[in-house]
Amino acid sequence: QRRVTIYTTGSLSKSKYDADIVLCDECHEVVTKSRLPYIISYNKARMYGFTATPDTRADGAHFYLEGIFGKIIYDLSFTDAIKKSSLIIPIVVQWISVPEDDTGSRSSFSSFYLRRKFLIWKNERRNKIIAKVAKDYFAQGKQVLILVSTVEHLLNLEKLLPEFQICAASIDENKLKRYREQGLAVDKLINSIERRYELADDFKKRKIMGVIATDIWSTGVSFDDLEVLIRADARYSSTINIQAPGRVCRIPELSDKTVGIVVDFIDRFDYALYNAAKHRFNDYKKMQWKQYSENWIELKKL
């Protein structure tokens with residue numbers, strides 16, 4: 001409780017709510033049902049919100065942003081930020097096709113959870129394609145970050161990429177026991193959780209060149225020299241589609257990168273996943289990022 005106090009969204013309940021000025025980074029994340037009561041308790045402050053995604057929440061809760069922080073007073077597009085050469089570098093998207101298998105392109109899973117579990121997290125054919133791309137860039141000496149949405153997917157990819165470090169948030173003992181019984185790298189996971197901040201620092205300094213991480217590294221971290229982001233998560237979220245690729249557009253300090261590479265996957269073996277890929281394509285297009293197919297011909301449509 002100093003003149004300047006920094007809170008995480010999870011610690012806002014500790015505040016006295018008597019600040020004169022509130023600067024809220026990633027403000028799109030504070031309008032959830034659980035966090036909203038805290039941020040609106042600052043009823044005397046000038047409120048300033050910062051975000052790259054002011055209107056992408058699937059639940060429509062970004063509606064609250066104007067009520068809390070007022071109208072947008074400054075907006076800088078990604079393209080204009082590139083022109084100001086000291087801010088960011090361009091992003092290019094490389095699309096890799098995951099073709100249909102013997103069953104065609106319609107899955108039998110009606111459950112969203114089961115579709116994700118068996119077609120994404122435990123899909124060995126797809127995971128091998130992801131691992132090959134990661135190995136190729138890793139062998140070129142490029143720093144690679146693979147983003148996944150679950151620890152289960154992280155551990156299944158780690159089996160194919162033992163040279164990569166892994167990073168995740170804390171996980172309960174029951175899940176750890178289940179993963180250990182499946183022969184997954186639970187001890188490596190526990191170790192990475194315990195030294196998560198040290199891992200991030202080593203990655204920032206390029207002492208580590210390959211990491212598989214959950215959403216703990218999808219926003220709110222800055223790895224200025226990261227060259228390749230591989231999106232293994234296959235998600236539909238516009239917020240993640242814009243936020244996550246931002247990891248590779250930072251101005252480098254230790255490397256000579258001139259563009260940030262985002263690798264994504266066209267999941268042609270399942271209609272719902274294919275539609276999610278189309279949604280990601282459209283979000284990238286809105287950001288005016290160049291997009292290429294496997295043979296490096298510009299992708300006109302998906």
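Asn-275 is partly exposed, with a relative accessible area of 38%, where partly exposed means between the limits for buried (under 20% relative accessible area) and exposed (over 50%), computed with a 1.4 Å probe on protein chains only. The model is a predicted one, in which local features need pLDDT of at least 70 and side-chain atom pairs count only at pLDDT 80 or more, while totals for chains, interfaces and linings use all residues. Residues are numbered from 1 along each chain as its sequence is written, and side-chain values use heavy atoms, with hydrogens and water left out.

Asn-275 belongs to helix α11, residues 271-286; helices (H or I, at least four residues) and strands (E, at least two) are DSSP runs, numbered from the N terminus. Although Asn-275 and Arg-235 are 40 residues apart in sequence, their C-alpha atoms are 10.0 Å apart in space.

Another helix, α9, covers residues 196-204, and its residues Arg-196, Leu-199, Ala-200, Asp-202 and Phe-203 are buried. Seen down the axis of α9, these buried residues fall within an arc of 165°, so they line one face of the helix; the arc is that of the directions from the helix axis to the C-beta atoms. An α-helix has 3.6 residues a turn, so residues three or four places apart point the same way. The buried residues of α9 pack against strands β4 (144-147), β5 (165-167) and β6, and against helix α8 (186-194), contact meaning heavy atoms within 4.5 Å. Just after α9, Arg-206 takes a positive phi of about 65°.

Between β6 (210-213) and β7 (228-231) runs a loop that holds Thr-214, a residue that counts as buried because its relative accessibility is 8%. Leaving aside residues up to four places away in sequence, Thr-214 touches several others, including Leu-147, Val-151, Cys-167 and Ala-169.

Strand β1, residues 21-25, has a covered face with Val-22 and Cys-24, and an uncovered face with Ile-21, Leu-23 and Asp-25. In a regular strand the side chains alternate between the two faces of the sheet. Strands β1 and β2 (residues 46-50) run parallel and are joined by 5 bridges, where pairing requires that DSSP finds at least two bridges between two strands. Within this pair, Ile-21 stands opposite Arg-46 in β2.

Cys-24 counts as buried at 8% relative accessibility, and Cys-27 counts as buried at 4%. The structure holds 0 disulfides.

Note on methods:
A disulfide is a pair of cysteine sulfur atoms within 2.5 Å.
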